[in-house]
Amino acid sequence: MAKYNKQLQVKEIIKCGKDPNYFFKNYLKIQHPVRGLIPFDTYEFQDDCVESFLENRFNIILKSRQLGLSTLVAAYAVWMAIFQREKNILIIATKLTVAQNFITKVKTMIRSLPKWMLLAEIVENNKQKIRFSHGSEIKAVPTSEDAGRSEALSLLIVDEAAFVRNFDTIWTGIYPTISTGGRVIILSTPNGVGGQYHKLYVDAESGLNEFNAINLPWTVHPERDDDWFDKTTR
């Protein structure tokens, strides 16, 4: 029986490693502000985003507030770090507390997993970084002009990019670190016109750069309707 269970676990690990959406829905838990620790039962629009992350090296997202996209990209980072070796994942956030909150989210997800799914051990664990014995790590840093410049990145995530100070300078400095094959997810709520994020998104929609543009208005959320919108805008 124990051998049979071991075989099932190996099959599940392989399945999860191939399909992040399967992994999220079946094994990942997230912290809900009211309901506590709950299964990460993703919505269809979130599943579509993950498919875009897999299919495109460069993704840029224009999103409404409270769609769970920061949680989704945290989950994607967890999936990549656990199931792939030597992955260097960096999150650039607007400030230190936001960066630390991102890592807290990541750690909550990892703690919720069954022990047998974590093939690699955690060898470094602090407020801004978690590193595994197979060489993969997730690090979150606040905005600075030299953020990530000296690192070869497997995945760069820029959260609320339209609100990141000097994003044009940061982007110019960090682009060479992903030129060897690294992937990028840039996401933000709107913050007017102008600036590096706005230019990248508009150019992506026009097919003028390598980014895949993803537009997520409030209507993509299945639990939001006109009544919700009226109440929220009031």
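Helices (H or I, at least four residues) and strands (E, at least two) are taken here as DSSP runs, numbered from the N terminus. The structure is a predicted model, so local features need pLDDT of at least 70 and side-chain atom pairs count only at pLDDT 80 or more, while totals for chains, interfaces and linings use all residues. Residues are numbered from 1 along each chain as its sequence is written, and side-chain values use heavy atoms, with hydrogens and water left out.

The C-alpha atoms fill a box of roughly 60 × 50 × 35 Å along the principal axes. The radius of gyration is 18 Å, which agrees with the value near 17 Å that a compact globule of 234 residues would have; it is taken over C-alpha atoms, and the globule rule is 2.2 Å times the number of residues to the power 0.38.

How much of the chain is tucked away? Of the 234 residues, 47% are buried, where buried means under 20% relative accessible area, exposed means over 50%, and partly exposed falls in between (1.4 Å probe, protein chains only). The chain exposes about 12,200 Å², and carbon and sulfur atoms supply 49% of that area; accessible areas come from the Shrake-Rupley method with a 1.4 Å probe, and for residues only the protein chains shown count as cover. Among contacts (heavy atoms within 4.5 Å) with a separation of 6 or more, 71% link residues 24 or more positions apart.

As for charge, there are 29 positive and 26 negative side chains, and the centres of the two sets lie 9 Å apart. In this count Lys and Arg are positive, Asp and Glu are negative, and His and the chain ends are not counted; the place of a charge is NZ of Lys, CZ of Arg, CG of Asp or CD of Glu.

Beyond its neighbours within four places in sequence, Phe58 is in contact with Tyr175, Ile178, Gly182, Val184, Glu210, Phe211 and Asn212. Ser179 sits 121 residues from Phe58 along the chain, yet their C-alpha atoms are separated by 11 Å.

Gly182 turns up again among the contacts of Ser154, which also include Glu86, Lys87, Asn88 and Arg183 once neighbours within four places are set aside. Ser154 lies in the loop between β7 (137-142) and β8 and is buried, with a relative accessible area of 17%. Between Ser154 and Ala74, 80 residues apart in sequence, the C-alpha distance is 15 Å.

Another buried loop residue is Thr42, with a relative accessible area of 7%, found between β2 (36-39) and α3 (44-55). Its side chain joins that of Lys25 through a polar contact of 2.7 Å. A polar contact is a pair of N or O atoms within 3.5 Å; within protein, one must be able to donate a hydrogen and the other to accept it, and residues adjacent in sequence count only if both atoms are side-chain atoms. Not counting residues up to four places away in sequence, Thr42 touches Phe24, Lys25, Asp47 and Leu72.

Then there is the matter of positive phi. Gln66, in the loop between β3 (58-63) and α4 (69-83), has a phi near 55 degrees, although this residue is not a glycine. Glu160, also not a glycine, has a positive phi of about 50 degrees and lies in the loop between β8 (155-159) and α6 (167-174). Gln66 is exposed at 59% relative accessibility, whereas Glu160 counts as buried at 18%.

Finally, Ser206 belongs to the loop between α7 (195-205) and β10 (212-216). Ser206 is partly exposed, with a relative accessible area of 49%. Ile138 is 68 residues from Ser206 in sequence, and the two are 32 Å apart in space, C-alpha to C-alpha.
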